[in-house]
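Please read them with the structure open.

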Amino acid sequence: MSPPTLASLAPSSDVTLAPAPGLRELFIGMLQVALSSFGGGLSAWSQRIVVEQRRWMTNEDFLTGLTVARLFPGPNQINMAVYIGASFRGLPGAVLALAGMLLVPFSLLMLLGLVYFQVHRIPEVDRVLAGVVAAAAGMALSMGFKILDTYWRDPVALGLAAVIFVAMAVLHVRLIPLVLVAAPLAMAWYWPRTPRPGPG
């Protein structure tokens, strides 16, 4: 029996994709992602904005891009912004999406950094920031459950996820060796296969 394809694992959906975004839309969309996340959870916010709100991609297309982004060095969401921009508008799209992700947030970060070092010893400020981090963790968990909803019917996908989780969280295997071993195995299993012709 041939392994299931990714397309066969995706839940059926009647959602109609929006027209491909222009350069201005890519900039604003990635800016919205960057400004929506405080304390982490960028991938979860990105999925909500790109897939659920703007409907630029299907959930499976987004997960494919996120997987590609995580295989390359650098911050995942920066890679993801480049992937999204390049997918729709090539190099100009990648540049504008990256600018939307970095330009305004970087400027705000510099300003907030100056303020933070003046007030970070105030207990109330510390508790507020702890609450923001907890909310970001909740967003990340919500995205995990959405991914699980897509792949829960595939025991191989669940098995791979469990093995990788144990390797990283329990055995403390480093990311690069783990990717070098797990990625080829996963790609080999899900690689499209031509059905063998039946007898006669």
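1. Buried means under 20% relative accessible area, exposed means over 50%, and partly exposed lies in between (1.4 Å probe, protein chains only). Helices (H or I, at least four residues) and strands (E, at least two) are DSSP runs numbered from the N terminus. In α3, the buried residues are S43, A44, S46, Q47, I49, V50 and V51.

2. This is a predicted model, in which local features need pLDDT of at least 70, side-chain atom pairs count only at pLDDT 80 or more, and totals for chains, interfaces and linings use all residues. Residues are numbered from 1 along each chain as its sequence is written, and side-chain values use heavy atoms, with hydrogens and water left out.

3. On confidence: pLDDT is the predictor's confidence in each residue, from 0 to 100. The protein chain has a mean pLDDT of 78, and 77% of its residues reach 70 or more. Confidence is highest in helix α2 (residues 23-36), at a mean of 91, and lowest in helix α1 (residues 6-9), at 35. Over residues 1-13 pLDDT stays under 50, and the model has 20 contacts for them beyond four places in sequence; contact means heavy atoms within 4.5 Å. Where pLDDT is low, the predicted coordinates should not be read in detail.

4. On the core: a nonpolar core is a set of buried Ala, Val, Leu, Ile, Met, Phe, Trp, Tyr and Cys residues joined through side-chain atoms within 4.5 Å. The largest one has 18 residues, of which M30, V50, W56, F62, M80, I84 and M101 touch the most other members. At least two residues of this core come from each of α2, α3, α4 and α5. The most come from α5, which gives five. V50 touches M30, R55, W56, M57, F62 and I84, leaving out residues up to four places away in sequence.

5. On aromatic rings: rings of Phe, Tyr and Trp (its six-membered ring) pair if their centres lie within 6.5 Å, and planes under 30 degrees apart count as stacked, over 60 as edge-to-face and the rest as tilted. The structure holds one aromatic pair. The ring centres of W56 and F88 are 6.4 Å apart and the planes lie at 65°, so the pair is edge-to-face. W56 is in the loop between α3 (42-53) and α4 (59-71) and F88 is in helix α5 (residues 76-119), so the pair ties together parts that are 32 residues apart in sequence. W56 is buried, at 6% relative accessible area, whereas F88 is partly exposed, at 23%.

6. Q77 is buried, at 4% relative accessibility. The side chains of Q77 and S46 are joined by a polar contact of 3.0 Å; such a contact is a pair of N or O atoms within 3.5 Å, where within protein one must be able to donate a hydrogen and the other to accept it, and residues adjacent in sequence count only if both atoms are side-chain atoms.7. N79 also lies in helix α5 and is buried, at 18% relative accessibility. Leaving out residues up to four places away in sequence, N79 touches A69, F72, P73 and G74.
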